[in-house]
Amino acid sequence: MTRAVDCPVCGNTLALLERSTGDVETVNCPVCGNYNITKSSIEVLSNYNLPARRARLEHAKQNTKVDQLPLIKEA
Ligand SMILES: [Zn+2]
């Protein structure tokens, strides 16, 4: 079931949580696009400023194949 969330990366209030599978949540943000993020990463990213959060998403995208969603995964 889809529900509205604040995007963990950019804070956009129009983001949607599309799926929650175990520790991984799939977010659809009008600014960031579709990506996967672990629940622990959501907490970690909340301590970062916006440029740092965007950098984590860009890093995830660079490590993702074309047909896969980027996964933001913090220690
Ligand atoms: Zn976003």
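Colleague: Which two strands does the hairpin join, and through how many residues?

Modeller: The hairpin connects β3 to β4 by way of three residues. Please keep in mind that this model is predicted.

Colleague: How many bridges link β3 and β4, and do these strands run parallel or antiparallel?

Modeller: Strands are counted as paired when DSSP finds at least two bridges between them. Here β3 and β4 run antiparallel, with six bridges between them.

Colleague: Which residue of β5 is the bridge partner of Ile-37?

Modeller: In β5, Ile-37 is partnered with Ile-72. Asn-36, in turn, stands opposite Leu-71 of β5. The strands β4 and β5 (residues 71-72) run parallel and are joined by two bridges.

Colleague: In what order do the strands lie in the sheet?

Modeller: The order is β1-β2-β3-β4-β5, in an open sheet of five strands with mixed pairing.

Colleague: Why is one side of β1 and of β5 left without a neighbour in the sheet?

Modeller: Both strands stand at the edges and each has a single partner strand, so one side of each has no neighbour in the sheet.

Colleague: With which residues is Cys-29 in contact, leaving aside its neighbours within four places in sequence?

Modeller: With those neighbours set aside, Cys-29 is in contact with Cys-7, Val-9, Cys-10, Asn-12 and Ala-15.

Colleague: Where is Thr-2 found, and why does Thr-2 count as exposed?

Modeller: Thr-2 belongs to the segment before β1 (3-5). Thr-2 counts as exposed because it has 10 C-beta neighbours inside 10 Å.

Colleague: Which residues does Thr-2 touch, not counting those up to four places away in sequence?

Modeller: On that basis, Thr-2 touches Leu-16, Leu-17 and Glu-18. Thr-2 and Leu-16 are separated by 14 residues in sequence, and their C-alpha atoms are 6.4 Å apart in space.

Methods. Residues are numbered from 1 along each chain as its sequence is written. This is a predicted model: local features need pLDDT of at least 70, side-chain atom pairs count only at pLDDT 80 or more; totals for chains, interfaces and linings use all residues. Two residues are in contact if their C-beta atoms, placed from the backbone, lie within 7 Å. Helices (H or I, at least four residues) and strands (E, at least two) are DSSP runs, numbered from the N terminus. A residue is buried if 20 or more other C-beta atoms lie within 10 Å of its own, exposed if 12 or fewer, and partly exposed in between; C-beta atoms are placed from the backbone.
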